[in-house]
Each structure stands twice: as C-alpha cells, then as structure tokens.
Amino acid sequence: MSVQVPRGTRRCAVALLALGTLLTTGSRAHAQQVQAGATTQVLSMFVRGVDTASDPSGNYLVVGGQGNVMAACVNAQGVPISGPFLINATPGGTASFPRAAWGQHLFAGAGGFMLVWAEAVGNPDAMRQLFSRPISCSGAVGGPQVVSPSTWWEPGDLALAYSPTTQGFLVAWQTPEHTIKARLIDVNGAGASPVIALSPGLGRDPSVAWNPVLNEFGVAFSGETYSAFAVVPASNPTAFRRNTFNVSNGILTTMTDVAFNPQTGIFVMGWYELSSGAFAKIAEFDSGPTLLTTGVASSRLGSYDAFSMALGTPGQTFLLVGVDRASDTILGLELNTRGVPFNGENTLSAIRPSRHPRVAASKVSKSFNVTFSGPNFGALSSLIATSFAPHGGPAGVFPAPNAPAPPPPAGGGGTTACPGSAPVPGWLCINGGWIPPDSPLAGGGAPAPAPAPAPAPPPPTTGTCPGFVPGMHCVNGNWVPDAPGAPAPAPAPPPPPPATSGCPGTAPVAGWLCISGNWIPPDSPLAGAAPAPAPAPAPAPPPVTSPTAACVGAPPVAGWLCAGTSWVPPDHPLAAGAVPASQVAYNDGTCSGTAPVAGWVCIRGGWMPRDNPLAISLLGR
C-alpha cells in the first residue's frame, strides 16, 4: 500500500523523478579507486538535512527536506522504486535533519526503517521536538512518537542504531543546551528507557553504531575542544562507559560518525577537526572503551556540516564522504578495515554546490549509497559508489596514541612533501604543511632538514606583517615564533604617515589613525601611523542603512544571505537585495571595542580575519 500524502504537498513540494538522472558521474580514476555512477535527483524540493540507510535486499531508503521531510526508496542501481512518503508528525509542522536505520523486527517482523527527526509543531519558531516513526519501502508508515520534548536542529544533531538482540534502537541527540543525551526506543518508536546524559558538558554531533558481539552501542560525539566515545549497554544504558580524548583549547571538533567492524571487534570513529589545519580524523576503540589508534585520514575532505562514514560488510572497507571545501562537490575516500586511507580522495559527484552528504553501505555487494542536498538545496540527490579494493583493503594501521606515526600508505593520507624549508627550526612536515612540534598533530612528521646557511632576511615592513610582535618574526606575511635562543629582531621602523586620501572620509572618532586604508583606534596593535590631519569641515554624508545590520549571528547554512533581519537561501525571493555573510560585521559578544582591521570578526574572545578556518567553519565562506 502507499501512504496518503496531502494533495498540496504532492503538487507543491515534491516531484519524484523516477528516471531523471543528471549527466554527472564520478571521476574515473585507476581501477582500485572507489567510483560512482550517475547522480539521480530523487526528489525535487527544498532540502537541507538528509540521510540514507540500506535493507537486506540491497535497496536503500533516502530521506530529506526542510519544512516537509520526505522519503523514497531506490534500488541497488539508485533508481527510485517507491514513494515519496511524507514523514512530518503534524500537518504544517516544520521538520528537518532526519536520520534512518534498518530494523528487521519492525512491522511484525516484515522489517522496515526507523526514522527520527526534529520538528516544530504549529509555529516554525517553536521549540523542536524529537519525533520517531517506522516506515517501509512497501508504503507502510507507523504513527509518530515523541522521543524527547526538545532537541537542537542542525546537521549532525541526531543519530540512531538498532540492536536485533533486544529489538530496540538507541537514539542520541544534541539538546538545546548543547549536551548529548540518549534513549532507547522500541520497534514502534516509543520510549523504552529513561533519558541519559552522555556528555560531561558541552557536546555536539553524535553518531551511533551497534556491537553485535557484546550487544552494546558505541556513541561518538564532539565537544568542540575535545572528542569523546562512549559504550552504552543495550540492556542497561545508564551503565555507559566514556572515554574523553583529544582535549585541547586550540581545536574545534565537529561532525562525527562511527561504525563497528565485527571482523576486528573494534569501533572505528571519524570526526572533522580544525586545529593546525582542517582534517578528517580517525580513531579506533575497543569495548573498554580504550583508545587504540588514531590518525589523519584527509586534509581535503569534510567540513563542520558534511561528514559521514560507513563500513561495507561484504568488502570490509569503509567509505568516508564529505564535501570538497574548495569546490562544494562530493568527495569519497576509501579506508581499509582499520580505518587507514588508501588511493586518495575521489570526486563522486561534480554537482555544486552540494551539502550534507550521508553514506550507507549495501548489505549484499561492495557498493554504497551516497545521498546529499544539491544542487543548491534544490533536490534530494543520490548516487551509487562501488569499491574495487581487495577484501579489507591494503594492510595498514594508525599508530597508538603518542606513538610515532608509520609511513603513509601509498596513494593517500599520511605525511606528504612540504614546500621549501621550515619557517622555524624544529617545525615538522605533516600532510604537506609545516607545524610546531607541540601541535596535536606532531608525532608523525619528519623534522625539517637543516637548511643551507643563508643571509638573514631583511626586517619586516608593515606591508608584509602588520605592526611588531616581540619574540616573533615575519614569514610570508605571518608572525611566527623566533627560534629558541635567537636574538629578537629589531622592531620595524614606523611607516610614514599615510596620505589623507588613503582612508575614506574623515576619522569616525577623533584621534583615530589611518592604516592601510582603514581607520583604527590609537591603542590598536596595528597603530603606528601618525594621526590623520584634521580635514577641512565638510557636510556629513547622509546615514546609510546596512541591510545586514539586523542579522544576528552566523547564517544557519553556509552561503545563505542576509535580507533585512533574516538569513535566506540564495534562491529565496528576498535574496535579490541581500548581502553575503562576509559583509556582515560579526561579533559573538566576547570581544570588546572594534576590530583591529576592517572586516575582521570576533569569535570566542578573539578578532580574526574573515578567511580564518575557524571563521569559515562557523560563518560560511
């Protein structure tokens, strides 16, 4: 049977394109690299969060949306075979960011998928509730259940996995207070245990996998300044065990995913991290949970809202998917049975911009379904990717914590060449970039060879590095620490006073200085120029009302524009008069005064350039 979808929903929101494939395929690399078929636009609608899950016959459920969340089923070739099905719990509810998992005991043993999602009932601005309901590709849809009266609603905020042993799902979610909670639900979606708090404090982006050997769930999550992995017994969730690791105030950890490998008896966790660069990282845990190994899988793939991983049971390799941060296309990277990358990243879909990819592994073949939002939030799209690797992939394992890293596997991951020589003696070459020896990534890099003696560089000028920082010197426009014991360079002479034409108009506050075309206060670190001469009196220009002045915080989705008081997608009717986030002066409330350089933004108590990786991750490009 098929579910009855409201007529207006069918007419306005969704068009099922049963055979409509885009003429876009993954790049054809050498035979060992994972390859993708054509991308199919399964549903044409506004889509943000998505998910996909496989059944034992080789078919997949794909689900996504924003406002209305819709689902459909595709076969092993990616061709739609049933749906669409409306998932919302209430008519007119604002639903988003679904997650799905297969359970063979649903629908009286016929099997089906359990869905969870966030939905605001009645009022789009109301608190989101966490709902669940079962669904099958034959069209059966169970009634909605409330798992939690409140949940956060962004990519990566929900996760679930199924235990056939106890015939229940563990659902994990990020709360509005930004902590991680979890609860068991039964095959109808109803609560089957108390709610438990898994995070020690701030937590985000959970993921869940099931260990069939011990009937325990593994829950991975991030804490922004740490990573965490918890083991939750399916028979007694309150007796969970947690390992908090990767702790540093100098990092930002976000999206996670996790899988259990029954052949090794190990949980493999992945996450996206900003530290000395942008990385997709991997860690292995036993049921202790003891951290066994950890390493960097990629410095190219993934972002704070685009990261997913699945283990292919027949082939015993993982597929890690995310976006290429340079092009907003979908990348795939195959990992061996221990989570070590091989053969490098491959473009699976050149559709752009693509958002929020999720991956599920087939239970019958060496293939995967990758589902994502795109192009430009305009469709629920999916593709089938195929592995050609030998069983388990090439041998290799990441080092144990604090152990030297092994040589990188051929074709991807590990330490690669760095340009030139180290900017500071003793810095290490990691993944093509120079980092200090006390960086969290240090341990696998080779020390820089001693460079040939060369004349000392001339002192920096304000045109290369701004101002003067004691104990540091200028390299390629950036201040870096002096070598231990090296005499501090003499400060650069102050620049000549800039011409009055260098800054627009008059100083906004009496006594401010003109530096490189921008007005800054005299106590700014960049101050050093002479005060601007008082210009001849002139009539004040009429006030200018910035269309971005009333937009608060960061855009909810990278690439959205500020129109009046609201962030809107680029294809919204109001976008014609809107401006990008880069033109919105941003201060999260933790910095005082004004930015030392025009265009800089305030994040977590510090001013930084708009193109800083942390600023990009939080505010978008």
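Q: In which sense do strand β11 (residues 168-174) and strand β12 (residues 180-185) pair, and over how many bridges?
A: Two strands count as paired if DSSP finds at least two bridges between them. Strands are DSSP runs of E with at least two residues, numbered from the N terminus. Here β11 and β12 pair in the antiparallel sense over 6 bridges, and Gln174 stands opposite Ile180 in β12. The model is predicted: local features need pLDDT of at least 70 and side-chain atom pairs pLDDT 80 or more, while totals for chains, interfaces and linings use all residues. Residues are numbered from 1 along each chain as its sequence is written, and side-chain values use heavy atoms, with hydrogens and water left out.

Q: What is the order of the strands in the open sheet?
A: The order is β10-β11-β12-β13, 4 strands with antiparallel pairing. At the edges stand β10 (158-163) and β13 (196-197), each of which pairs on one side only.

Q: How many disulfides does a search of the whole structure find?
A: A disulfide is a covalent bond between the sulfur atoms of two cysteines. The criterion is a pair of cysteine sulfur atoms within 2.5 Å. The search finds 1, joining Cys73 to Cys137 with S to S at 2.0 Å. Cys73 lies in strand β4 (residues 60-74) and Cys137 in the loop between β8 (129-135) and β9 (145-148), so the pair ties together parts 64 residues apart in sequence.

Q: Why is the disulfide of Cys73 and Cys137 left-handed?
A: Because the torsion about its S-S bond is about -90 degrees.

Q: Is Cys73 buried or exposed?
A: Buried means under 20% relative accessible area, exposed over 50%, and partly exposed in between (1.4 Å probe, protein chains only). Cys73 is buried, at 0%. Ser373, in strand β27 (residues 367-373), is likewise buried with a relative accessible area of 0%. A polar atom of the Ser373 side chain lies 2.7 Å from the backbone oxygen of Val47.

Q: What is the volume of the second largest pocket?
A: A pocket is an open set of points on a 1 Å grid over the protein atoms alone, where a 1.4 Å probe fits, with protein on both sides within 12 Å along at least five of seven lines; lining residues have an atom within 4 Å of a point. Its volume, the space filled by probe spheres set on the points, is about 990 Å³. Of the 42 lining residues, the closest to the centre are Ala161, Val208, Ala209, Trp210 and Lys363.

Q: Which strand gives the largest share of that lining?
A: β18 does, with 6 residues.

Key
Polar contact = N/O pair within 3.5 Å; in protein donor to acceptor, adjacent residues only side chain to side chain.
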